[in-house]
Amino acid sequence: MIAEVRHRKISLFIIMGLLLAGVILMSLAWGQVQVPVAAMFGVLGNQVGLPGFQNMALTPEQTAVIWHIRLPRILVGVLVGAALGVSGAVLQGVFGNSLADPGIIGVSSGAALGAVTAIALGVTANSIYYMPFFALAGSVLAVAITVSLTMRAGKIPVMTLLLAGVAVSMLLGAITSGILTFMNEYRLREFLFWMVGGLDYRRWEHVYLAVGPVLCGILVLCFLARHLNVLVLGEQEARAVGVPVAALRLILLFIAAVTTATAVCVSGTIGFVGLIVPHMMRMLLGPEHRILLPACALAGALFLVGCDTLGRLIIPPAEIRVGIMTALLGTPYFLFLLRRSHQGGES
Amino acid sequence: MMANEQAFVIAEDLSVRLGHKIILENINFTIQPGEFIGIIGPNGAGKTTLLRSLRGLCPFLTGSVKVNHQPVTSMTDKQLARMMAYMQQDVNISFGFTALEVVLAGRYPYLEWWQNEREEDRQLARKYMEFTGVTALADKSVQRVSGGERQRILLAKVLAQETPLILLDEPTANLDLVYQEEIFRYCQAVCHQGKTALIVAHDIKLAAKFCSRLILVAGKQIMADGKPEEVITVPNLKKSYGLQAAVFTNPVTGHLDIHTYDSSAEIDTSQIVHVLGGGDSSGAVIRMLYEKAYRLSGGVFQHGDSDTIVARAFAVDVLTGPAFCPIDEALGQQNRTKIAAADWTVLGNLCYGEQNLDNLKAAFEARRLIILEDSPIGERDFTGGEAANLYSQLLAKPEVTVMTTPEFAAWLNRLSREKERLVDEEKQDQNAGTESYRTM
């Protein structure tokens, strides 16, 4: 029976990996500019420097579309999706609540405040790095405030943390709105564009910016998965077997927050990935985080790139931004979860 | 001092405050290795807090706890977890972890932070799961098992921690009788191997049966500490639990037993009742009278007779003679003295033979006599008519009332109700008196 379960889990990983590869290729091949599949592979091989691809006849336009427009967009999508999926799973574990998501401790509102500050100051035109850094600083600040409000005598009570997160989010949201009221319309538009997360116009710079923190964050979180398992059994149980509960919570919160913030700053705020992906994976694979976290990374990437591709294909030539797509697909599922948990509570 | 040097656990002058409420005050005790200690006491007495303090999970207001010569406050989380395993009450495990995953959590203190569970950890987990009988549940979600099964899974986890000290907070809650005993029996077994166990128990009888020592916690303090028979006494039960109880050694099991009864009968009637019984006839009568708080004496019963056992259980001043021997003159005399001292006497539904005929004769001395007649005297007379003769003479006396045992019980209830009513009326009269005084 155990062998059977293991077999099922491995095959799920393989299926998700294949699906991700498929979605990536599909996303590369399809779009407003028609690029033949052979040319697409040609561009990839040529850029990577594989032997045998050097002699292919490729137009500069094809190279630009595949290598400089579509591929970075997809890679950012993979990174952001993986980051949101893993952070969501970790935060749900830390809070012991399967409805928690990265937004809940102030990450999103902090990032928004950072972004709007950058736009208000007018520094966004100078370099594309300014806004991400402001957003990152804002979310780290928000998480720091939330946690320091909650810390009492070396303990981080979960309920207080949730409430403090909500309070901090509301405060930062108010400040953001305050700044917005003084902005001119052009800048307002820029902010709105960022608020509804999207992957369009992502360039290699964005990939370089996100790849380090996101991969490190995911790796460390996967490393700490066994500790998270014990933590999820409950604070008392965890302390009884010698888990340094407060320190572990702090570390996990911090890493998850930085990972999420990095994702948010390259893509804007994208909701529901951090909520739905861990939830689905937990239903399919169980709560063992050493399996769950890698699966969430894979599934998050798959979901986000899938949503983005769909958004590009539904009403060409217009695009539906990925933040809208995830919300459109995510909300019904979220409501379904909510309804089911209510029914579970009554029976 | 010698004892202190060997002691495995030392709690000194321990006080614990939760919020603004002091839960424990001036707690002192030492525990030797191998002891199996039951912590008993009423709800909210601080049993759980005591256990948590030992584990270093509650900050102390004053005092210290040392385990194996080391203060718990100076140990690291993992040191503590390798020294003591703690099973709390009402564990709620969400997210659907399987039983095996939960038990493996018990191996956490033995792993470095980068390590995964080793094969030996899995083997240990399986070994203890087999012990508590949950091997079949290994791959099942803990949320989907019954309360008792979950308790046994958690016990396996605690055992997998392989600590010299085991702290269990009401592990027998939700368990079937079999598993309740099983857990106590296992603890007893591991204590014989040199481990030390503390168990918070609701079931005093089970605790008394298995534990080598009991600590009774009540009113923020340790009210009693010692062998079960030293701790479980009528005054201790009354003081800590507010429980009216008789404590005795159960002749069937040979274990300490407790009979509890309605505490509304606390009103001391200060009436003395003598019971003439023996031969299995009067146990129920003695119990009824005892629960109505009459002062009792009894005689002359035979050694080993169930009436004698009941009388002893309720600490009744009882006269006994050897079985199958006629009541001798000295005992007969003592019996008559007690009858004379009693306000009234109850003659049970006895069978009469040569040995106990003197009880019937002694009944003539009673100031007021109640004869319980559940079956006709003819069926109970094995003296060739002598007893029946005496019996009819008794019946002719004016101070004699005859009733069946159920009638007697009803009559006792009526009496006690009347008495309560009288007491109430008296109180009301007093209240009315003070009120009229006020209006004046």
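Helices (H or I, at least four residues) and strands (E, at least two) are DSSP runs, numbered from the N terminus, and the expected span of a helix is 1.5 Å times one less than its number of residues. The model is predicted: local features need pLDDT of at least 70 and side-chain atom pairs count only at pLDDT 80 or more, whereas totals for chains, interfaces and linings use all residues. Residues are numbered from 1 along each chain as its sequence is written, chains are lettered from A and ligands numbered from 1 in the order in which they are written, and side-chain values use heavy atoms, with hydrogens and water left out.

**View 1. Helix 6 of chain B and its surroundings.** Helix 6 of chain B covers residues 147–160; at 1.5 Å a residue its 14 residues should span 20 Å, which agrees with the 20 Å between its end C-alpha atoms. Eleven of the 14 residues are buried, so called by the definition when under 20% relative accessible area, with exposed meaning over 50% and partly exposed in between (1.4 Å probe, protein chains only). Among the buried residues are B:G148, B:I153, B:L155 and B:V158. Contact means heavy atoms within 4.5 Å. The buried residues pack against helix 10 (235–240) of chain A, and within chain B against strand 6 (84–87), helix 4 (99–104), helix 5 (119–131), strand 7 (165–169) and helix 7 (177–192). Just after the helix, B:E162 takes a positive phi of about 45 degrees.

**View 2. Aromatic pairs in chain B.** Rings of Phe, Tyr and Trp (its six-membered ring) pair if their centres lie within 6.5 Å; planes under 30 degrees apart count as stacked, over 60 as edge-to-face and the rest as tilted. The whole structure holds nine aromatic pairs over all chains. B:F36 and B:F184 form a tilted pair, with 6.2 Å centre to centre and 50 degrees between the planes. This pair links distant parts of the chain, 148 residues apart: B:F36 belongs to strand 3 (residues 36–40) of chain B and B:F184 to helix 7 of chain B. Both B:F36 and B:F184 are buried. The ring centres of B:W344 and B:W411 are 5.4 Å apart and their planes lie at 70 degrees, so this pair is edge-to-face. B:W344 is in strand 16 (residues 344–347) of chain B and B:W411 is in helix 17 (residues 405–439) of chain B, 67 residues apart.

**View 3. Charges over rings in chain B.** A charge sits over a ring if NZ of Lys or CZ of Arg is within 6 Å of the ring centre and within 35 degrees of the ring normal. B:K78 lies over the face of B:Y108, 5.2 Å from the ring centre. The charged end of B:R107 is over the ring of B:Y110, at 4.4 Å from its centre.

View 4. Six of the six residues of strand 9 (residues 213–218) are buried, so the strand is largely enclosed by the rest of the structure. B:R213, B:I215 and B:V217 point one way, and B:L214, B:L216 and B:A218 the other way. Two strands pair if DSSP finds at least two bridges between them. Strand 9 of chain B pairs with strand 3 of chain B in the parallel sense over four bridges, where B:L214 is the bridge partner of B:G38. Strand 9 of chain B also pairs with strand 10 (residues 221–226) of chain B, in the antiparallel sense over five bridges, and B:V217 stands opposite B:I222. The hairpin of strand 9 and strand 10 of chain B has two residues between the strands, and B:G219 takes a positive phi near 55 degrees.
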